[in-house]
Amino acid sequence: MKAIVQDRYGSADVLELRDIDVPVIGENDVLVRVHAAAAGPDVWHIMTGKPYMARPVLGFRRPKVPVRGWDVAGTVEAVGANITRFVPGDEVLGVAEGSFAEYAIAPADKVVRKPARLSFEQAAALPISGVTALQAVRKADVKPGQDVLVIGAAGGVGTLLVQIAKAFGGRVTGVSSTSKLDLVRSIGADDVVDYTLQDFTDGSRRWDVILDTAGRRPLRQLRRALSPKGTLVVVGGDGGGRWTGGFFRGMLRGPLVSLFVGQKLGGLNSKTTLEDLQAVADLIEAGTVTPVVDRTFQLVEAPDAIRYLAQGHPGGKVVIDVG
Ligand SMILES: NC(=O)c1ccc[n+]([C@@H]2O[C@H](COP(=O)([O-])OP(=O)(O)OC[C@H]3O[C@@H](n4cnc5c(N)ncnc54)[C@H](OP(=O)(O)O)[C@@H]3O)[C@@H](O)[C@H]2O)c1
């Protein structure tokens, strides 16, 4: 089968299209004939091996898993001996290591049925970003009528955060650059802020909840935009240094500062669970949430997809069409 493989860490130049063997399923897995995969910052991190702090998990000198890609949408080709939830031919979405390939193995508890109203490209945009957005909104405990600020509202996670925070009853303000304001409005944001024109952290306006995915603004700035009892959940924001990726801003410093102030400040480390994958798929079925696909690249163009993503300004998710 064709797959995008890397033998060493580096820029998108290390990604190569090669012919490799179809992976062999274990008894608790499903083999997915991949139709679409997604390129997100997670793929970029594994490709570059950064932050270095993650290398004990990723592999010290090269990625332990040579085929890139994680998010997957496709058709079940075969199931392991213990699997009764799926049969060959089922259309699914989920998380499979090595999804930039014609076939990928997914643990059966990381896969759910694809909502019929989604194309495979839309479905591939959903698993990691959708679960992350759902867990962030839950962690922030968004309640009806609360003012919610989503920073990075045009991104792969941000477009889903806006919609899920709305589904929880929040009044959502989306932060993006000028060219994405219409997109952010179109997915249901009540209000938008153009961060290239306006400093929304100057203290003139405050939100009950801030969901931060981009820009790496320091905690002291974000706290100025947060109500005195407000909640900040740091989801991400790339470019935070090669050793830690700025991991400590949300995960360590936030909870520490929270001990001394009325605001709750923390980070999110999302985990793809079957329950939350299904909960996100249910929001799709209900028509409450629709994933946004920015651009689609062919499998052979995966390095270009990552280069595009690395510019840092997608409008929705960057998707790989595997066929
Ligand atoms: N915590 C977790 O478990 C978890 C899980 C998944 C992802 N993440 C992290 O979450 C972050 C976002 O992921 P993603 O997939 O949404 O990334 P993405 O698709 O690349 O989107 C990032 C968005 O941020 C916007 N942006 C860039 N610079 C900005 C700035 N200075 N201020 C405000 N917005 C800015 C960009 O558009 P415009 O600049 O044009 O508006 C873009 O739409 C990444 O750091 C990723 O690693 C964390």
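**Exercise 1. Work out how helix 1 and helix 10 pack in this predicted model, and what kind of residues make the contact.**

Step 1: Grab the geometry. Helix 1 covers residues 41-48 and helix 10 covers residues 302-310; their axes sit 10 Å apart and cross at an angle of about 110°.

Step 2: List who touches whom. Helix 1 brings Pro-41, Val-43, Trp-44 and Met-47, while helix 10 answers with Ile-306, Leu-309 and Ala-310.

Step 3: Sort by class. The contact of helix 1 with helix 10 has 7 nonpolar residues, with no polar and no charged ones.

**Exercise 2. Do likewise for helix 4 and helix 9.**

Step 1: Here the stretches are residues 127-140 for helix 4 and residues 274-285 for helix 9, with an angle of about 95° and axes 9 Å apart.

Step 2: That angle makes helix 4 roughly perpendicular to helix 9.

Step 3: On the helix 4 side you'll find Pro-127, Gly-130, Val-131, Leu-134, Gln-135 and Arg-138; they meet Asp-276, Leu-277, Ala-279 and Val-280 of helix 9.

Step 4: Sorting the contact of helix 4 with helix 9 gives 6 nonpolar, 2 polar and 2 charged residues.

**Exercise 3. Describe the contact between domain 1 and domain 2. How many salt bridges are counted between them?**

Step 1: Domain 1 is made of 2-126 + 291-321, and domain 2 is 129-267. Their C-alpha centres are 27 Å apart.

Step 2: Get the area. About 1300 Å² is buried between the two domains, and carbon and sulfur atoms give 59% of that.

Step 3: Tyr-52, Met-53 and Val-292 supply 37% of what domain 1 buries against domain 2, more than any other three residues.

Step 4: Check the charges. Between domain 1 and domain 2 the count is 0 salt bridges, although a search of the whole structure turns up 13 salt bridges.

**Exercise 4. Take the salt bridge of Arg-113 and Asp-90. Which parts of the chain does the pair tie together?**

Step 1: The N to O distance between the two side chains is 2.9 Å, and the cut-off is 4 Å.

Step 2: Arg-113 is in strand 7 (residues 111-113), and Asp-90 is in the loop between strand 4 (71-79) and strand 5 (91-95), so the pair links parts 23 residues apart in sequence.

**Exercise 5. Look into the backbone at Pro-51 and Asp-141.**

Step 1: Recall the background. Most peptide bonds are trans, and most residues other than glycine have a negative phi.

Step 2: Lys-50 and Pro-51 are joined by a cis peptide bond, with omega about 0°. Pro-51 belongs to the loop between helix 1 and helix 2 (55-58).

Step 3: Asp-141 isn't a glycine, yet its phi is positive, about 55°. You'll find Asp-141 in the loop between helix 4 and strand 8 (147-151).

Notes. Residues numbered from 1 in each chain as written. Predicted model: local features only at pLDDT ≥ 70, side-chain atom pairs only at ≥ 80, totals over all residues. Heavy atoms only, no water. Axes fitted to C-alpha atoms, helices over the stretch in contact; angles between N-to-C directions. Helix = DSSP H or I, 4+ residues; strand = E, 2+ residues; numbered from the N terminus. Contact = heavy atoms within 4.5 Å. Nonpolar A, V, L, I, M, F, W, Y, C, P; charged D, E, K, R; others polar. Parallel < 35°, antiparallel > 145°, perpendicular 65-115°, else oblique. Domains from an automatic or database assignment. Buried area = accessible area lost by both parts, 1.4 Å probe.
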